[in-house]
Amino acid sequence: MKTLILYESLHHGNTKKLVDAIAEEYPVEIQDARTFTGDLSDYDAIGFASGVAFWKIYNEIFDIAMDKMPFEKDIFFICTAGIPDRDYAAEIRTLAQQRNNRVHGAYCCRGFDTFGPLKLIGGINKGCPTESEIRGAVDYYRLVLIECGIDPDTMQPALPETQDN
Ligand SMILES: Cc1cc2nc3c(=O)[nH]c(=O)nc-3n(C[C@H](O)[C@H](O)[C@H](O)COP(=O)(O)O)c2cc1C
């Protein structure tokens, strides 16, 4: 399965930490949305990974998702936020579904945040994403693979379960 994770990680590289951890463990291509010139339909699975600004995922990744969302692919979402209390992927998920993509939920966790006045108090979510939050992103991608019918240990198509009776 050919996977691309397109990311935009502008504030502290929080989101990039999740993406890098996935790429260390699994064969995925990672590309910065700000320099990406490829074609999303060249991939079987596409992950959109972003930080959040003003209650939305970042502009570049949002624009690419809205302008270039392919059809009938496997799509997943990763985000980090100062306050990860809502479904930041909702808008692009709707479009992905309208285009008959298979959508595999989303993973969102805390990211270190020193935006605006938060800087005066040293920021919030220091040390985030933590090791276990980063691990959570890798485990999430593992589940995406399983949902795509790929055995994450061999990266081969999973064998159908045999019936004993
Ligand atoms: C300009 C700006 C606006 C932000 N707005 C929000 C926001 O509306 N909601 C939120 O939860 N976090 C907000 N954040 C925090 C970031 O989403 C968070 O730190 C995230 O982990 C940054 O990811 P990155 O380091 O990958 O860019 C904002 C950060 C910046 C710099």
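Mentor: Let's take the helix pairs, then the ligand, then the backbone.

Trainee: What should I know about the model before we start?

Mentor: It's a predicted model: local features need pLDDT of at least 70, side-chain atom pairs count only at pLDDT 80 or more, and totals for chains, interfaces and linings use all residues. Residues are numbered from 1 along each chain as its sequence is written, and side-chain values use heavy atoms, with hydrogens and water left out.

Trainee: OK, at what angle do α2 and α3 cross?

Mentor: Roughly 15 degrees, and the axes of α2 (residues 59-68) and α3 (residues 90-98) come within 10 Å. Axes here are lines fitted to C-alpha atoms, for helices over the stretch in contact, with angles from 0 to 180 degrees between N-to-C directions. Helices are DSSP runs (H or I, at least four residues), as are strands (E, at least two), numbered from the N terminus.

Trainee: So are they roughly parallel or roughly antiparallel?

Mentor: Roughly parallel, therefore; that label covers angles under 35 degrees, while over 145 is roughly antiparallel, 65 to 115 roughly perpendicular and the rest oblique.

Trainee: Which residues meet there?

Mentor: Phe62, Ala65 and Met66 in α2 meet Glu91, Ile92 and Leu95 in α3, where contact means heavy atoms within 4.5 Å.

Trainee: And what about α1 and α4, how do they cross?

Mentor: The axes of α1 (residues 14-25) and α4 come within 9 Å and cross at roughly 55 degrees. α1 and α4 are therefore oblique to each other.

Trainee: Which α1 residues are in that contact?

Mentor: Lys17, Leu18, Ala21, Ile22 and Glu25 in α1, and they meet α4 residues including Ile134, Val138 and Tyr141.

Trainee: Switching to the ligand, which residues come nearest?

Mentor: Ser9, Thr15, Val52, Tyr58 and Thr80, out of 22 residues around the ligand. A residue counts as near if one of its heavy atoms lies within 4 Å.

Trainee: Where does the backbone come in?

Mentor: A backbone N or O atom of His12 lies 2.7 Å from a ligand oxygen. For Ile83, a polar backbone atom is 2.7 Å from an oxygen atom of the ligand, and for Gly82 one sits 3.0 Å from a ligand nitrogen.

Trainee: Last topic: where is the cis peptide bond?

Mentor: Between Cys128 and Pro129, with omega about 0 degrees. Pro129 is in the loop between β7 (102-110) and α4 (131-147).

Trainee: What's the phi of Asn100?

Mentor: Positive, about 60 degrees, although Asn100 is not a glycine. Asn100 is in the loop between α3 and β7.

Note on methods
Polar contact = N/O pair within 3.5 Å; in protein donor to acceptor, adjacent residues only side chain to side chain.
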